[in-house]
Amino acid sequence: MKPDYDVIVVGAGLAGLTAARQLERSNLRVLVIEARDRVGGRNEEVTLGNDLTLEVGGQWIGANQEKMFALCREFDLKLIPTYNEGDNLLYINGKCKRMGSQRGAIPKLNPFVLLDLYRSIKKIDKLSAQIDLTNPWQHPRAREWDGHTLESWIRQNISTHQAREYFRVVAEAVFATEASDFSFLHFLFYLKSGQDLETLISVEKGAQEYRVAGGTQQISRCLAGSLQTPVLLDSPVTALHQTDEGVTVQTAAQTFTARKVVVSLPPTLAGRLHYDPPLPALRDQLTQRVPAGSVIKVMAIYKEPFWRQAGLTGQAASFEGPVKITFDNSPEDSSYGVLLGFLEGADGRQAAEWTVDQRQQQVLACFARYFGKEALSPLDYLEKDWMAEPYTRGCYGGHFSPGVWTAYGPYLRQPCGHIHWAGAETADIWNGYMEGAVRSGERAAGEISISLKQTKA
Ligand SMILES: Cc1cc2nc3c(=O)[nH]c(=O)nc-3n(C[C@H](O)[C@H](O)[C@H](O)COP(=O)(O)OP(=O)(O)OC[C@H]3O[C@@H](n4cnc5c(N)ncnc54)[C@H](O)[C@@H]3O)c2cc1C
């Protein structure tokens, strides 16, 4: 019997929608099935009562993220440079230290700490540059590095307390989890995937250089709107049944058949679908071992960006939580001032147990510590706990625990019969980022086009 579609794409985030677009361009009949009542997945805009639109999910693009820049150009979406004028703050030992906001700016720390930091960053960048992004498990020292967490590597290789703390804060800021939660090999892979450490943590020529006016969810809406392919919303996929001919995809209410399927969910969620026959054991075990980070994104809205008058960028990094990283997220016309903060890793997990009022109090106390008492009286407060989202269950992305890359690496992208895998976690370049999601969708679509051509021939 002829299947309903050539390809069904599960998930309408950037990865799924990009895959659908490329498959449709190859003249294939495609259906996208999405669990939520909206497209965009980990990209989401919220409009407040005063018509101010803010992003509660992924928002920045920058550096060499060429696919994301191209999509913004295609859909005529304006880029807004992240506010970066003035000084950044480093909160350490109960005091705020000012430091430059240019790429590579060095905080005023004790010279021993600075030397320790400088040496460690150099060493890490050198090791990271050796990783083969497609097969990180093949490096001759892969097992050694995969046997370490970033935390155990820090303890063995970094001697000063403050330099160690610096790396722990970086781990939380980049991975939304603790340095003790993920493998050192994964850390090296991830840095190279996004170019290097400096690029990942910088605004200037870094991953945080631009915002998209109106928000990044627009990209998914534009992608979905440009498709001939139907995008079925409100339809969580529950099961995939495979035969030699293709796959039957089941939602609570409907059943569809296709020759191929792209699953574009983060690995943990992909592992929660029912597969018949069951997935190969090692693929299933992989999905048990790539947990998502823990993050609550918070914003306080003020009459104006008052910190700018004090010559501050609004960017603070702190050795004390619960908010350790902040940014200025004000609208381009500065009609309001918006301070953005992240509750990440252990801080995020602890804060998830508090009431909204308790969280707001704690968040504002941190903002006030960095930017002064004015921060205690916002006009409004907004937050999003991504751990609580049933169709995401944590952000920014999945991280590889120790031993996972070397034991299960090959199963990350390898198709299982007619089922192909996409999603930011499967990307070799810009893994975990929107750019990686788009690239993964293109890769999965390419695999399927080749495979279907071979079947025809
Ligand atoms: C707070 C936060 C900040 C971030 N900051 C940045 C940033 O500044 N820059 C950056 O580049 N990246 C950032 N990211 C990461 C970025 O958003 C993601 O890497 C990217 O959006 C992932 O896209 P994806 O398509 O791979 O996955 P997703 O966006 O997760 O898409 C998967 C889709 O599958 C759907 N789904 C789940 N289960 C089912 C099911 N059973 N059936 C059908 N559909 C299902 C989901 O609803 C979702 O729409 C951030 C993420 C968060 C949450």
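**Contacts, pockets, ligand and backbone**

Residue A173 touches I325, E344 and Y396, leaving aside residues up to four places away in sequence; contact here means heavy atoms within 4.5 Å. The structure is a predicted model, in which local features need a pLDDT of at least 70 and side-chain atom pairs count only at pLDDT 80 or more, whereas totals for chains, interfaces and linings use all residues. Residues are numbered from 1 along each chain as its sequence is written, and side-chain values use heavy atoms, with hydrogens and water left out.

A173 belongs to helix α6, which spans residues 161-175. Helices (H or I, at least four residues) and strands (E, at least two) are DSSP runs, numbered from the N terminus. With a relative accessible area of 25%, A173 is partly exposed; buried means under 20% relative accessible area, exposed means over 50%, and partly exposed lies in between (1.4 Å probe, protein chains only). A173 and T326 are 153 residues apart along the chain, and their C-alpha atoms are separated by 10.0 Å.

Y396, one of the contacts of A173, sits in the loop between β19 (380-385) and α14 (404-408). A cis peptide bond, with omega about 0°, joins Y396 to C395. A second example of cis geometry links G321 and P322, where omega is about 5°; P322 is found in the loop between β16 (312-318) and β17. For orientation, most residues other than glycine have a negative phi, and most peptide bonds are trans. Q195, although not a glycine, has a phi of about 90°. Its place is in the loop between α7 (184-193) and α8 (197-201), and its relative accessibility of 41% makes it partly exposed. K205, also not a glycine, has a positive phi of about 50°. K205 lies in the loop between α8 and β9 and counts as exposed, at 55% relative accessibility.

A total of 35 residues surround the ligand, and the closest are E34, R36, R42, C395 and A424; a residue is near a molecule or strand if one of its heavy atoms lies within 4 Å of it. An N or O atom in the side chain of R36 is 2.8 Å from an oxygen atom of the ligand. Backbone atoms take part as well: an N or O atom of the M434 backbone lies 2.9 Å from a ligand oxygen, and a polar backbone atom of G41 is 3.5 Å from an oxygen atom of the ligand.

Empty space was examined next. Rolling a probe the size of a water molecule over the atoms shows where empty space is left. On a 1 Å grid over the protein atoms alone, a cavity is a set of points where a 1.4 Å probe fits but cannot get out; a pocket is an open set with protein on both sides within 12 Å along at least five of seven lines, and lining residues have an atom within 4 Å of a point. Grid points are joined across faces, edges and corners, and a volume is the space filled by probe spheres set on the points.

The second largest pocket has a volume of about 250 Å³. Its lining comprises 15 residues, of which T53, I80, R211, G214 and P331 are the closest to its centre. Strands β4 (53-55) and β9 (210-212) each supply at least two residues of this lining, and β4 gives the largest share, three residues. By class, six lining residues are nonpolar, five polar and four charged; Ala, Val, Leu, Ile, Met, Phe, Trp, Tyr, Cys and Pro count as nonpolar, Asp, Glu, Lys and Arg as charged, and the others, Gly among them, as polar.

R211 links this pocket to N329, which touches L54, Q59, R211, M299, V338 and L340, not counting residues up to four places away in sequence. N329 is located in the loop between β17 (323-328) and β18 (337-344) and is buried, with a relative accessible area of 2%. Its side chain makes a polar contact of 2.8 Å with the side chain of Q59.

Three cavities of 30 Å³ or more are counted. The largest cavity, of about 40 Å³, is lined by V174, F175, Y190, G397, G398 and H399.

Terms used: Polar contact = N/O pair within 3.5 Å; in protein donor to acceptor, adjacent residues only side chain to side chain.
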